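Reader: I am new to this structure. Could you take me through it in short steps?

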Amino acid sequence: MSDTRKVTIKAFRFNAETDYLPSYKDYEMEVGKDELILDLLNRIKWEHDGSFSYRRSCRHGICGACGIKVNGKPVLSCKQNAMELLDMFNNELVFEPQSKKRAIKDMIIDKKDFWDKHAAVKPYVEAEVDPHPEHETKQSIEEFNKILDADLCIQCGSCHYACPVVEANEDYFGPAAFVAAYRFSVDTRDNAGIERLEATAERGQGVWDCVKCYECAEACPKEINPIEKITKLHNMQFEQGVAQSNVATRHAEGFVRSIQKHGFLDEADIVVYSEGYLNMHKHIKTAFKMAKAGKIHFTDALPWVDNVPKSKNLDEIQKLIEISMTNKL
Amino acid sequence: MSKLKYALFTGCTAKQSTPELLSSTLAVADKLGIEIVILEEASCCGASHLQDFDEFLAHVLNARNICYAEKLGLTMITICNTCQLNSAMTKHALDTNPELKAKVNEKLAEVGLEYKGTSEIKHFLYALIEDYGLENIKDKVEVPLSNFNIAPFYGCHNIRPSELHHSSNGGENPYVPTSLDDLIDALEGHPVDYDHKNKCCGFHVELQANHTSEVLSGNAMVDAIDNNADLMVTPCPLCHLKMDTYQDSTGKVVGRDIELPVLHMPQMVALALGCSEKEIGLNFHVQKATQLFDEAR
């Protein structure tokens, strides 16, 4: 098999100053087996069209400037082998900016929303430090390990612009900001942990709006797994008494209530318990439709009726909850 | 082929709001001669929400479920993507972190159980494709689905994070998933290609961030409709619930009329294998789907 492959690359072209709509242009080239996506971006500019624009800087996977999407897959151009993607996408590559609606010119986007949200979680250690300290503020191995890999984030935006919630809800902080919030909140030198946790507990902007799609985990070029930190922030809110009782927190805690009683989730109870009886009017139409289809029964929501199937050996489950539960709402 | 035998972790929805999922799964297994032992001892997987409240407790409960499959010496199969993810996450965490495994086993010992890590965990979709084989399924088709354009909706928790799933989902690529498309092909239906097939349905924030939830499911359904889908199929009952139950309100949010039957993966297979109307259970859908039984014939 030849070491090179002749392919056509489709690239998103747009200039916010002059264009009303974007267009896609084709570029033919022979791609070598060791070439990176960044090499192909360079070749579009150097061999085809000098006006083609994209961000690049370190070429070492450190600066986080060259993130784009190839066929919808977020990549750091300087780390991603091109042949690998040609195999994955059947020799048809489409280069697009991380977020088309934020495009300024070709691959370059306005990342203001990313930086604003990142800054909002105080991505630094906040501490009163003696200007003439007697000794260093040391971190033990254990303390350092708690940070996990969250310190490796290069703010490339791959996860942020892969997150569907960022697209649907403009207040949402997004996975990269949550990684930073986690990283600094577990730092033992930091004094802003509670404040940061409170910001991530706020509905709309905080972790409770995460849809659990794992796009961020898939997108991260540094393999950080942002949603793992999102789960930890959820847990920390309960551990540190920051969690307020609301529909989101009761929805999480309500699972224990159901599992304790039945082993399974009581689907009617979790809605009633999370929303509260007063908010149930929102669900009446849905409940009616589901009852009509035989999916639920009107008696399900009555506290004195128990239609929920029970796990066998329920006593084991109850005992395990009793001895293993660490958090409280 | 030797007879396949699995321990089935039903999850909560198949026992409550989606009884059609359980009946069609058992009907498919029966038709194909796959033996199923239902894990009646199993509890809820936590659905990622218990994990948000108390991650350790969720590991303990999921490990207990897996223990019962291990006792039978069987692979545990799931019929819900979220059950699959949460069970697999616990398995991965315990198999790679001896300290956590010891802590969990300390709790399990109190009820006379021990997690060993000997059972695989696999979604029924991949058991059908990898273990039973598409060619063998093809041979059993009694009602080819050639009358339908079928939009596969993969559901996040079977395909992401890919590293976690690769050993049990045949290395499915989350950006170019093919398993459901291949299954539709094998049943002689016409798979619909559309951008949102591997995207999120928004189910998990249905209560706390309703608008986001509606936007996500609406975008996916409209995309399927615009690409001429007659119906949608998903291996996840949570995707099913979100997309089948809320079409009215979702349509209002995205400004479109949405009327699209959404089938569970085993219902689609059951339809093609000629299972009975009762087993397929199309009557349990909110968006009318009963007509599909006759339309397929």
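Reader: How many salt bridges does the rule find across the interface of chain A and chain B?

Author: This is a predicted model. Across the whole interface of chain A and chain B the rule finds 8 salt bridges.

Reader: Which element supplies the largest share of the side of chain A that touches chain B?

Author: Several elements of chain A each supply at least two residues of that side, among them strand E4 (73-76), helix H9 (226-239) and helix H10 (247-262). Helix H13 (314-324) of chain A is also one of them. The largest share is 8 residues, and it comes from H10(A).

Reader: How many residues of the side of chain A that touches chain B are nonpolar?

Author: In all, 68 residues of chain A are in contact with 71 residues of chain B. The residues on the chain A side include 16 polar and 18 charged ones. The nonpolar residues there number 34.

Reader: About how much area do chain A and chain B bury between them?

Author: The size of an interface is often given as the accessible area lost when the parts come together. Here 61% of the buried area is on carbon and sulfur atoms. Polar links are found too: 32 residue pairs are in polar contact across the interface. The area that chain A and chain B bury between them is about 5,800 Å².

Reader: Which strands are the edge strands of the 5-strand sheet in chain A?

Author: The sheet is open, and its pairing is mixed. Its order is E2-E1-E5-E3-E4 (chain A). Neighbouring strands are turned by 35 degrees against each other on average, direction ignored. Two strands pair on one side only, and these edge strands are E2 and E4 of chain A.

Reader: In E5(A), which residue is the bridge partner of Ala11(A)?

Author: E1(A) pairs with strand E5 (residues 92-96) of chain A. The two run in the parallel sense, over 4 bridges. In E5(A), the partner of Ala11(A) is Phe95(A).

Reader: What angle does the direction of helix H1 of chain A make with that of E2(A)?

Author: Helix H1 (residues 37-48) of chain A packs on the sheet. H1 touches E1, E2, strand E3 (67-70) and E5 of chain A. Its direction makes an angle with that of E2(A) of about 110 degrees.

Reader: How far apart in sequence are the parts tied together by Glu28(A) and Lys6(A)?

Author: The side chains of Glu28(A) and Lys6(A) meet in a salt bridge, 3.8 Å from N to O. Glu28(A) lies in strand E2 (residues 23-32) of chain A and Lys6(A) in strand E1 (residues 4-13) of chain A, so the pair ties together parts whose separation in sequence is 22 residues.

Reader: Why is one side of E2 and of E4 in chain B left without a neighbour in the sheet?

Author: Chain B has an open sheet of 4 strands with parallel pairing, in the order E2-E1-E3-E4. The twist averages 40 degrees from one strand to the next. Strand E2 (35-38) and strand E4 (121-123) of chain B stand at the edges, so each has just a single partner strand.

Reader: Which residue in E7(B) stands opposite Ile150(B)?

Author: Strand E5 (residues 149-152) of chain B pairs in the parallel sense with strand E6 (residues 190-191) of chain B, over 2 bridges. On that pairing, Ile150(B) stands opposite Pro191(B). E5(B) also runs parallel to strand E7 (residues 231-234) of chain B, joined by 3 bridges. In E7(B), the residue opposite Ile150(B) is Leu231(B).

Reader: Is the peptide bond from Arg160(B) to Pro161(B) cis or trans?

Author: Pro161(B) is found in the loop between helix H7 (156-159) and helix H8 (162-165) of chain B. Omega of the bond from Arg160(B) is near -10 degrees. The bond is cis.

Terms used
Residues numbered from 1 in each chain as written. Chains lettered and ligands numbered in written order. Predicted model: local features only at pLDDT ≥ 70, side-chain atom pairs only at ≥ 80, totals over all residues. Heavy atoms only, no water. Contact = heavy atoms within 4.5 Å. Buried area = accessible area lost by both parts, 1.4 Å probe. Salt bridge = Lys/Arg side-chain N within 4 Å of Asp/Glu carboxyl O. Polar contact = N/O pair within 3.5 Å; in protein donor to acceptor, adjacent residues only side chain to side chain. Nonpolar A, V, L, I, M, F, W, Y, C, P; charged D, E, K, R; others polar. Pairing = 2+ DSSP bridges. Axes fitted to C-alpha atoms, helices over the stretch in contact; angles between N-to-C directions.
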